[in-house]
Amino acid sequence: MQTTSLFEQDQLTVINLGLEVFNDAVNKQNASGIHIDWRPPAGGNLRLIEIIERLKELG
């Protein structure tokens, strides 16, 4: 079976999660980019994430 390298394709679309500035840099290079405004749950606070998970189990 023949494989093709990801970077040998004619067009590449970048999926960016988080900081929009990375997507801006992709777009400035005339590349296709999709930005998704994602942030970790509870601001990344592990204790709050544990509490949220427990509440989900109850509800």
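This report walks through a nonpolar surface patch and the salt bridges of a predicted model.

## Ground rules

Since the model is predicted, local features need pLDDT of at least 70 and side-chain atom pairs count only at pLDDT 80 or more, while totals for chains, interfaces and linings use all residues. Residue numbers start from 1 along each chain as its sequence is written, and side-chain values use heavy atoms, with hydrogens and water left out.

## The nonpolar patch

Ile15, Leu17, Ile34, Ile36 and Trp38 make a nonpolar patch of about 520 Å². To join such a patch, a residue needs over 30% relative accessible area and no salt bridge, with nonpolar side chains (Val, Leu, Ile, Met, Phe, Trp, Tyr) joined within 5 Å and like charges within 9 Å. The areas come from the Shrake-Rupley method with a 1.4 Å probe, and for residues only the protein chains shown count as cover.

Two strands do much of the supplying here: β1 (13–17) and β2 (32–36) each give at least two residues to the patch. Strands are DSSP runs of E, at least two residues long, and helices are runs of H or I, at least four, both numbered from the N terminus. Isoleucine 34 sits in β2 and is partly exposed, at 42% relative accessible area. On this scale, buried means under 20%, exposed means over 50%, and partly exposed is in between (1.4 Å probe, protein chains only).

## Salt bridges

Now for the charged side chains. Those of opposite charge can pair when their charged atoms come close. There are three salt bridges in the structure, each being a side-chain nitrogen of Lys or Arg within 4 Å of a carboxyl oxygen of Asp or Glu. One of them links aspartate 37 to arginine 39, with the closest N and O atoms 3.4 Å apart. Both partners are out in the open: aspartate 37 is exposed at 54% relative accessible area, and arginine 39 is exposed at 61%.

## Pairs along helix α2

Helix α2 covers residues 46–58, and in it arginine 47 and glutamate 50 are three residues apart, which means about one helical turn separates them. Their salt bridge has its closest N and O atoms 3.5 Å apart. Glutamate 50 is partly exposed at 42%, and arginine 47 is partly exposed at 46%.

Glutamate 53 and lysine 56 form another salt bridge, at 3.6 Å from N to O. They are also three residues apart in helix α2, so about one helical turn lies between them. Glutamate 53 is partly exposed at 38% relative accessible area, whereas lysine 56 is exposed at 56%.
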